[in-house]
Amino acid sequence: MPATPTIPGLFVVRHPLVQHKLALLRDRSTPTKIFKELVEEVAMLMAYEATAEMELESHGVITPLETTTGERVAGKKAVLVPILRAGLGMVEGVLRLIPSARVGHIGLYRDHDTLQPIDYYFKVPGDAAEREFFVLDPMLATGGSAVAAITKLKLAGATRIRFLCIVAAPEGARRLREAHPDVPVITAALDRELNASGYILPGLGDAGDRLFGTR
Ligand code: PRP
Ligand code: URA
C-alpha cells in the first residue's frame, strides 16, 4: 500500500470493495442497519491492509503426514481501541480478522462549539508497552480526538500504534501526523476539506448518529 505523496505516513486503501462500500456509506439514503454492516465490512477489509506488517515467528506444526514449520503472529495479543462512540462500529469487523485481540476503550466527544475533544473514559490492558494497538474511529476531521486518544495511549505506555479511519480530512491527517509522526494512518478516503462546523466534505455526515440512529 503506497503512502499518499502529499501526507507521508497516510495510507489510502484503494481496494475496489472498500471503495464500493464507501460510496454506499456516503449515500444519505443508506439506512442505519446497512450503514452499520458496511462500517464493519470496511473495517475488516482495512484491517487486512493494516496488519500486513505484523511480525511473525516460526513454530512446529504436525500435519496428518509429517512435521513442518508454520508461522504465527509474534508477541502478545493486539489491542483494538475504538474511540467512543463511532469507533465501536469498527470493532466487530476487525475482530473477524484478529479474533483474539483485546479491546480497550477511549471515551471522547467533540464539543459542538469549540470542536475540542472532551474525554470521559479510558481503559486499556495494563501491559501496554508490550502490545500492538489499533485505534479505530471512522472519522478523522480536525484530528483533535485522534491526537488526544493517542496521547493518552502513549501515556499509558503504548509505543506501537496504528490509526484506522474510514474518512480523513487533510487538516486532521496532517495534524495527527505532526503530533504523532510514529503512528501510521490508514484510511479508505482522503476527502477535500472541513466545513465551518468541522464536518468532513464530502464526508458521510455524523458517523455516530448514522451508526446508532441518533440525531
Ligand atoms: C466524531 C468522530 C470522531 C470525531 C472526529 O465523534 O467519531 O471521534 O468526531 O472529529 P475531530 O477529528 O474533529 O476530533 P463525536 O465527537 O461526534 O462523538 P460520538 O462518536 O460520540 O458521536
Ligand atoms: N465527526 C463525524 O462524525 N463526521 C464528520 O464529518 C466530522 C466529525
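## First stop: Glu40

Select Glu40 and show its surroundings: leaving out residues up to four places away in sequence, Glu40 touches Gly89, Glu92, Gly93 and Arg96. Keep in mind that this is a predicted model. Glu40 sits in helix α2. Is Glu40 buried or exposed? Its relative accessible area is 14%, and because that is under 20%, Glu40 counts as buried.

## Next: the largest pocket

Select Tyr109, Arg110, Ser145, Asp206 and Gly208, then centre the view: of the 29 lining residues, these lie nearest the centre of the largest pocket. The volume here is about 630 Å³. Colour the lining by class and you get 14 nonpolar, nine polar and six charged residues.

## Last stop: the second largest pocket

Move on to Met54, Glu55, Val73, Ala74 and Glu132, which lie nearest the centre of the second largest pocket, out of a lining of 27 residues. Two elements give two or more residues to this lining: α2 (32–50) and β10 (160–164). Which element gives the most? Select β10, which contributes three residues. The volume of this pocket is about 500 Å³. By class, its lining has 13 nonpolar, four polar and 10 charged residues.

Methods:
Residues are numbered from 1 along each chain as its sequence is written. Chains are lettered from A and ligands numbered from 1 in the order in which they are written. This is a predicted model: local features need pLDDT of at least 70, side-chain atom pairs count only at pLDDT 80 or more; totals for chains, interfaces and linings use all residues. Side-chain values use heavy atoms; hydrogens and water are left out. On a 1 Å grid over the protein atoms alone, a cavity is a set of points where a 1.4 Å probe fits but cannot get out, and a pocket is an open set with protein on both sides within 12 Å along at least five of seven lines; lining residues have an atom within 4 Å of a point. Grid points are joined across faces, edges and corners, and a volume is the space filled by probe spheres set on the points. Ala, Val, Leu, Ile, Met, Phe, Trp, Tyr, Cys and Pro count as nonpolar, Asp, Glu, Lys and Arg as charged, and the others, Gly among them, as polar. Helices (H or I, at least four residues) and strands (E, at least two) are DSSP runs, numbered from the N terminus. Buried means under 20% relative accessible area, exposed over 50%, partly exposed in between (1.4 Å probe, protein chains only). Contact means heavy atoms within 4.5 Å.
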